[in-house]
Amino acid sequence: MRASLPLATCLFALLAGLVAACGDGGPPAEPDAKKAETTETVADADSTDVGPGTVFTTAKQCGQCHREIYEEWKASYHGRAMSDPLFRELSAEVNKEECIRCHAPVTLREAGFETPIARSDLREDAISCLTCHDTGDGMAGPSQGLTGACRPVYDPQQSDVVKMCFVCHNQHDTGNEWLRGPYSPEAPEPRVRDVKTCLDCHMPEVERSIVPGGPVRKVRRHTWYGGHSITMLRKAAEIDVVSEALPDGGHRFRVFVTNVGAGHMMPTDARHRSFDTYVLVRDAAGKILLDPTDPQQQSRAHLAKFRKFYRGSGKKDTQIPPLARVDTLGEGPGYVDLPEASSGTGEAWLVYRLTPRDVLNKRSLDEGDPHDIDRLYRARVVIRKEFTYGK
Ligand code: HEC
Ligand code: HEC
Ligand code: HEC
Ligand code: HEC
Ligand code: HEC
């Protein structure tokens with residue numbers, strides 16, 4: 001289930017290279033034509049593609065009947081696992097063969113739900129419908145007794161996240177983090193949280209028909225929103241501020257983060273992602289005393305970093321476990337002292353970075369489209385929490 005050490009080391013080296021090589025340089029080019037592709041509908045597809053006896057090979061074929069699922073998948077990071085610009089960059093434009101096995105694999109059942117194996121064809125389909133559903137002579141699903149051109153077959157393994165998600169997502173322990181945590185079916189009694197699986201949070205239930213004109217059923221979205229979605233990030237955390245008068249005047253500001261909604265560590269998985277806390281402080285007249293977007297003041301305003309670090313960095317991982325409330329886990333002091341701050345207001349910020357090169361600046365505050373899941377190549381302020389101090 002785990003990546004071999006050489007792979008991990010290789011990934012680390014690539015990522016470390018990335019960090020060293022980049023500064024505030026411009027963002028890599030956005031994936032072109034993505035928008036156009038995601039708005040493509042069944043009507044555009046050639047309907048002679050499927051018929052009796054069709055051998056299913058492409059996701060587009062599935063999209064002729066399962067339209068909404070196809071469009072969700074196409075826009076998701078499973079559908080984009082081979083076109084994600086960061087993946088292309090780190091895999092040397094997809095020329096590193098060892099990267100393909102999880103980003104464009106053969107079917108999970110063909111690999112016996114063990115370490116994925118790279119596909120030799122149709123790699124542009126990335127983590128395809130067939131990867132997760134194809135049994136060799138039908139399409140596995142969670143329901144019994146369905147009929148259709150794709151020969152649906154009932155298979156309880158389809159709902160088993162250890163089979164469906166762990167094979168790829170336990171590489172950096174996301175699966176185990178969940179199993180050890182409060183949402184796991186194995187959590188100790190008395191439970192503090194109801195069981196929630198990867199599917200409950202990342203493939204939420206929706207009532208709809210899965211083929212045009214078909215019966216409405218309770219089914220699951222294929223969006224897999226995660227770190228790219230600000231809406232999802234907001235579900236993960238809450239922040240609060242404790243301000244304390246200093247004996248010689250001024251105040252100490254401490255920001256706490258609570259992992260209220262991620263079923264695993266925050267962040268999990270990819271080592272180049274982080275959550276960071278910052279504080280902005282104003283005096284009673286509203287003048288800003290400490291501004292996280294001011295390059296001169298940024299490092300002082302930066303209170304803590306929560307991250308799984310690159311192997312060999314010598315740093316201890318500082319991810320936040322589910323339900324924990326922390327100010328720092330060793331990276332950053334967790335507070336800042338401002339002798340000049342006697343009373344006033346401020347804001348605590350929770351900031352998310354997809355890569356260490358994502359810059360925090362005024363644009364990081366743009367709300368933008370909350371459902372925009374395109375990589376932005378800048379730090380994003382996920383939560384801003386107002387507070388008052390002194391008086
Ligand atoms: C064992 C399976 C596996 C292999 C092999 C693998 N990856 Fe991944 N990769 C994943 C998973 C799972 C994720 C999703 C993790 C996440 O998004 O946090 C991912 C995500 C990524 C991302 C996106 C993360 C982001 O922040 O957007 C990049 C880039 C990436 N991988 C690069 C590579 C490269 C380069 C290689 C080859 C050196 C590689 N991967 C090999 C499983 C794998
Ligand atoms: C990463 C694995 C994965 C990929 C990729 C994937 N699915 Fe699924 N699919 C699942 C899981 C898991 C379920 C839900 C099982 C459950 O409800 O317990 C599911 C459910 C379904 C269902 C049953 C109805 C529903 O929505 O619950 C259909 C139909 C379906 N998928 C079609 C597709 C099609 C078409 C594609 C490609 C466009 C696709 N899937 C891609 C994992 C995947
Ligand atoms: C020609 C139309 C058509 C195509 C193309 C098609 N399917 Fe289906 N599929 C159906 C029908 C019809 C059903 C049953 C729908 C119902 O009863 O609600 C179904 C059911 C399913 C189910 C079972 C859902 C469950 O709840 O158990 C899965 C999974 C599935 N399809 C996946 C796929 C995948 C993956 C592809 C592409 C490889 C695909 N289908 C292509 C028509 C199609
Ligand atoms: C075949 C390997 C594979 C399987 C199986 C798989 N994933 Fe992924 N998943 C990936 C890769 C690779 C990425 C990252 C793609 C990228 O960003 O380039 C990813 C990304 C994600 C993301 C993050 C999206 C984001 O915004 O960064 C979530 C959430 C996710 N997967 C959930 C799941 C769940 C839930 C399951 C089980 C139903 C599952 N995955 C099964 C390989 C897999
Ligand atoms: C209780 C809800 C919940 C459960 C259960 C859950 N997740 Fe998540 N997941 C989240 C939230 C919220 C985020 C966004 C915060 C974050 O990125 O850490 C997230 C983020 C992710 C990401 C993006 C990586 C990152 O940290 O930025 C991946 C990949 C992922 N989850 C995979 C999984 C897998 C695989 C499982 C099952 C083993 C799972 N999740 C279970 C809520 C959940």
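**Ground rules.** I am working with a predicted model, in which local features need pLDDT of at least 70 and side-chain atom pairs count only at pLDDT 80 or more, while totals for chains, interfaces and linings use all residues. Residues are numbered from 1 along each chain as its sequence is written, chains are lettered from A and ligands numbered from 1 in the order in which they are written, and side-chain values use heavy atoms, with hydrogens and water left out.

**Ligand 2, the iron.** Which residues coordinate the iron atom of ligand 2? I found H133 and H222, each through NE2, at 2.0 to 2.1 Å; donors are N, O and S atoms within 2.8 Å of the metal (3.2 Å for Na, K and Ca), and water is not among the atoms, so sites may look incomplete. H133 belongs to helix α7 and H222 to the loop between β4 (216–220) and α12 (230–236), so the pair ties together parts that are 89 residues apart in sequence. Helices (H or I, at least four residues) and strands (E, at least two) are DSSP runs, numbered from the N terminus.

I also noted that the site has 6 donor atoms with angles of 86 to 180 degrees, and is octahedral (six donors, opposite ones over 155 degrees apart and all others between 65 and 115). Are the two histidines buried or exposed? H133 is partly exposed at 23% relative accessibility, whereas H222 is buried at 13% (buried is under 20% relative accessible area, exposed over 50%, partly exposed in between, with a 1.4 Å probe and protein chains only).

**Ligand 3.** I listed 23 residues around ligand 3, with C62, C65, H66, S143 and C150 the closest (a heavy atom within 4 Å counts as near). β1 (139–141) is one of the elements that supply at least two shell residues, and β1 gives the most, with 3. For polar contacts (N or O pairs within 3.5 Å), I logged the side chain of R217 at 2.7 Å from a ligand 3 oxygen and the side chain of H66 at 2.8 Å from a ligand 3 nitrogen.

**Ligand 5.** Here I found 25 surrounding residues, C198, C201, H202, H264 and Y352 being the closest. The side chain of Y352 comes to 2.5 Å from a ligand 5 oxygen, and a polar side-chain atom of H264 is 2.9 Å from a ligand 5 nitrogen. Domain 1 (30–220) and domain 2 (230–389) both give residues to the shell, so ligand 5 lies between them; the bounds come from an automatic or database domain assignment.

Terms used. A polar contact is a pair of N or O atoms within 3.5 Å; within protein, one must be able to donate a hydrogen and the other to accept it, and residues adjacent in sequence count only if both atoms are side-chain atoms. Four donors count as tetrahedral if all angles lie between 85 and 135 degrees; four count as square planar and six as octahedral if opposite donors are over 155 degrees apart and all others between 65 and 115; anything else is irregular.
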